[in-house]
Amino acid sequence: MKSAHLSTLTLLACSVFCIAEPLVIAHRGSSAAAPENTIAAFDLAWEQQADGAEGDFLLTKDGHIVCFHDQDTQRITGKKLIVKNTTLAELRQLDVGYWKGEQYKGTLIPTIAEVLATIPEGKKIYIEIKCGAEIVTPLLREIEASTLASDQILIICFKAPVLKAIKQQAPHLKTSWLCGFKKNKAGTITPTDTSILKTLKDIKADGLSSSHQHIQPSLIKQIQTAGINHHVWTVNEPSIATRFQQWGTGSITTDKPLLIKNALKAVPTP
Ligand code: G3P
Ligand code: CA
């Protein structure tokens with residue numbers, strides 16, 4: 001009775017004094033341990049308590065959507081085929097798991113339908129578009145055919161016009177613009193806050209997904225004030241993850257979901 005009372009008090013104190021935990025999103029699935037962008041990597045993400053998974057998507061020559069990061073297959077398979085010039089059947093001849101270890105030998109490149117089918121109820125998928133707007137119509141068809149609810153899906157892309165096209169055709173879907181920051185020798189960070197806010201508004205994005213390097217908390221504040229969420233990638237260091245938690249970031253994409261999940265628990269208010 002006494003301990004039940006104590007844990008109620010702890011919960012109450014935490015709801016007042018602790019900072020909300022950002023969602024932990026497994027980058028290309030749980031890709032530190034399993035081969036990136038494969039069903040094995042997505043399944044491992046769910047085992048490792050990820051709140052969601054991120055995957056990269058490309059269109060094949062014959063109009064299928066596959067989960068694959070690079071424009072060609074050299075790095076992952078040792079054989080160079082350009083994905084957009086190759087059919088799904090040809091891509092399915094390749095082994096995309098062996099490079100990560102003998103136990104993954106025989107792993108095939110997954111279609112988007114296969115990836116979406118792994119997402120458990122209540123978990124999220126961040127769909128990163130790695131090509132141009134030609135993917136929008138088939139992608140919306142695949143999403144429609146899946147059993148996922150709209151709030152389980154976030155569409156992300158570095159190309160702002162692609163996200164603009166998604167919003168125009170499917171305003172019910174949430175989008176987040178990917179932006180990497182650079183710092184020159186003089187210490188100037190680009191892109192500027194003003195240009196970022198302009199792009200976000202122009203494409204009606206729901207979020208800004210930034211690299212963790214060089215982003216300033218003042219920018220995060222500004223976008224949050226504008227009603228836009230901040231997300232960050234790819235964070236594999238617990239101390240960096242807790243810093244973003246304190247800045248109110250909505251989700252942290254990581255290759256190591258279990259490590260980051262454990263690190264985020266109940267960071268007290270400074
Ligand atoms: O989540 C965004 C991040 O995945 C972008 O970089 O190269 O891993 O696709 P990349
Ligand atoms: Ca990605």
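What covers the buried residues of α10? Select helix α10, residues 238-246, and look around: the cover includes α9 (217-225), β10 (229-233), β11 and α11. Keep in mind as you click that this is a predicted model.

**Stop 1**

While α10 is selected, colour Ile240, Ala241, Thr242, Phe244 and Gln245, which are buried. Then step past the end of the helix to Gly248, which follows α10 and has a positive phi, near 80°.

Next, select α11, residues 257-264, where Pro257, Ile260, Lys261 and Leu264 are buried. Turn the view so that you look down the axis of α11: the buried residues fall within an arc of 105°, so they line one face of the helix.

**Stop 2: β1 and its partners**

Stay with β1. This strand is mostly covered, with 4 of its 5 residues buried. Now show β11 beside β1: the two pair in the parallel sense over 4 bridges.

Asn37 has a positive phi, near 55°, and is not a glycine. Is Asn37 buried or exposed? Its relative accessibility is 2%, so Asn37 counts as buried.

Back in β1, pick out His27. His27 counts as buried too, at 10% relative accessibility. Leaving out residues up to four places away in sequence, the contacts of His27 are Glu54, Thr234, Thr253, Thr254 and Asp255.

**Stop 3: the calcium ion**

Select the calcium ion, ligand 2. Which residues coordinate it? Show Glu54 (OE), Asp56 (OD) and Glu128 (OE), which sit at 2.1 to 2.2 Å from the calcium ion. Along the sequence, these donor residues follow the spacing E-x1-D-x71-E. Asp56 is in strand β2 and Glu128 in strand β4 (residues 124-129), so this pair ties together parts that are 72 residues apart in sequence. Asp56 and Glu128 are both buried.

**Stop 4: the nonpolar cores**

Time to look at the largest nonpolar core, which has 67 residues. Start with Ile127, Ile129, Leu139, Ile155, Trp177 and Leu208, which touch the most other members. Then select helix α7, residues 160-169: with 5 residues, α7 gives the most to this core.

Zoom in on Ile155 and ask what surrounds it. Beyond residues up to four places away in sequence, Ile155 touches Ile127, Ile129, Leu139, Ile143, Leu163, Ile166, Lys174, Thr175 and Ser176. There is also a second, separate core of 5 residues, and Ile25, Tyr126, Leu154 and Leu178 are among them.

**Stop 5: a few loops**

Where does Pro191 lie? Head for the loop between β8 (189-190) and α8 (193-202). The bond to look at is the one joining Thr190 and Pro191: a cis peptide bond, with omega about -5°.

Move on to Lys204, in the loop between α8 and β9 (207-211). Lys204 is not a glycine, yet its phi is positive, about 55°. With a relative accessible area of 61%, Lys204 is exposed.

Finish at Lys80, which you'll find in the loop between α3 (74-77) and α4 (88-91). Lys80 is exposed, with a relative accessible area of 52%. Setting aside neighbours within four places in sequence, Lys80 is in contact with Asp72, Thr73 and Gln74.

Terms used: Residues are numbered from 1 along each chain as its sequence is written. Chains are lettered from A and ligands numbered from 1 in the order in which they are written. This is a predicted model: local features need pLDDT of at least 70, side-chain atom pairs count only at pLDDT 80 or more; totals for chains, interfaces and linings use all residues. Side-chain values use heavy atoms; hydrogens and water are left out. Buried means under 20% relative accessible area, exposed over 50%, partly exposed in between (1.4 Å probe, protein chains only). The arc is that of the directions from the helix axis to the C-beta atoms. Contact means heavy atoms within 4.5 Å. A nonpolar core is a set of buried Ala, Val, Leu, Ile, Met, Phe, Trp, Tyr and Cys residues joined through side-chain atoms within 4.5 Å. Two strands pair if DSSP finds at least two bridges between them. Donors are N, O and S atoms within 2.8 Å of the metal (3.2 Å for Na, K and Ca); water is not among the atoms, so sites may look incomplete.
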